[in-house]
Amino acid sequence: MQLIRKLLFPISLLYGLIVFFRNRLYDMGVFSSKTFAVKTICVGNLSVGGTGKTPMIELLVRELGESFRVAILSRGYKRRTKGFLLAGNHTSVEELGDEPFQLKKKFPKVAVAVDADRRNGINQLRTDIDPNVILLDDAFQHRKVKPDFSILLTAYDNLYVNDWYLPTGDLRDFKGEANRADIIVITKCPADLSNTDKSTILLQLAPKHYQKVFFSYLDYNRDLKGVEMPLESLKTKNVTLVTGIANPTPLEMFLKSSGITFEHLKFNDHHFFTDAEIEDLKKKETILTTEKDYVRLKSKIPNLHYIEVKHEFLYDGKEALRQELLQFMTKNS
């Protein structure tokens, strides 16, 4: 696969030029980028794959949800519906998409909607919900909406400055678009990240004077959900790890460091499991999965456990982020 990606380098050059000129057309006003009366916070990245967008949305809901009416707008990737859909008590994962469904189940009082047309989705939420703030999930590259505040995520082991454009690399947007971010979060850092490594990353990123950079790591809950049990109990079981996420490596490393032995069945990101795959999984003794995969499997497989994950910040980053959000929400309000 790596050889094929290298052979496709000329295509990646063309792709990089296309995204560069597309963004310049937005910058020059040839393509319009619309702002809205309601406050909007964009969470996204420049690459395909997992940088921790959903845990970041969850963090924002927790930080803002007690003081403000929060709504979430997502594309609803791979959902089996079209147009605008506001999640209700009986909306299915197939209708909504796995990540929005996960968010709705975790925060039932928060309005969660999906619409590939972000402009239409924002207008519908303003009419139906009248929120104080809309969280735009995975919308950094969607220039038709100009958010009021942008949080850009990039993974520690694959910084956008060191990446290349699709299909040779993982970048789906031009590197220079990072300048539009108000905050850059380096996700999936080692929990013991040194000051030297931090300084090296800051030199590589060269953030603008108006940008704040935070460092976070993934914190896995040792109390498993679904069929609840302590993580330690898995040491005595035949464990099958089932993942349909972009980058399961951090989870693999965490389980191995915790002394868990497992076989790993990897599926593509947002994978909807077939009947045959479900029947095979039912034969496994103990299945551990991610929260995103759990919402697609929970009613189909017994003895199914999932592990929660959240962002934790280094160097007092969480409090600094909280202050940035408070300042944004109270500005001109």
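In the predicted model, helix H3 (residues 53-64) packs against helix H5 (residues 98-106) at an angle of about 30°. The two axes lie 11 Å apart. Angles under 35 degrees count as roughly parallel, and H3 and H5 are therefore roughly parallel to each other. The crossing of H3 past H5 is right-handed. On the H3 side, the contact is made by Thr54, Ile57, Glu58 and Arg62. H5 contributes Glu99, Gln102, Leu103 and Lys106. By class, the residues of this contact comprise four charged, two polar and two nonpolar.

An open sheet is built from six strands. Their order is E10-E9-E14-E13-E11-E12, and the pairing is mixed. Strand E10 (229-230) forms one edge of the sheet, and strand E12 (262-266) forms the other. Each of these edge strands pairs on one side only.

Within the sheet, strand E9 (residues 223-226) runs antiparallel to strand E14 (residues 304-307). Two bridges join E9 to E14. Gly226 stands opposite His305 of E14.

Key:
Residues are numbered from 1 along each chain as its sequence is written. This is a predicted model: local features need pLDDT of at least 70, side-chain atom pairs count only at pLDDT 80 or more; totals for chains, interfaces and linings use all residues. Side-chain values use heavy atoms; hydrogens and water are left out. Axes are lines fitted to C-alpha atoms, for helices over the stretch in contact, and angles run from 0 to 180 degrees between N-to-C directions. Helices (H or I, at least four residues) and strands (E, at least two) are DSSP runs, numbered from the N terminus. Angles under 35 degrees count as roughly parallel, over 145 as roughly antiparallel, 65 to 115 as roughly perpendicular and the rest as oblique. A crossing is left-handed if the near helix is turned anticlockwise from the far one by less than a right angle, and right-handed if clockwise. Contact means heavy atoms within 4.5 Å. Ala, Val, Leu, Ile, Met, Phe, Trp, Tyr, Cys and Pro count as nonpolar, Asp, Glu, Lys and Arg as charged, and the others, Gly among them, as polar. Two strands pair if DSSP finds at least two bridges between them.
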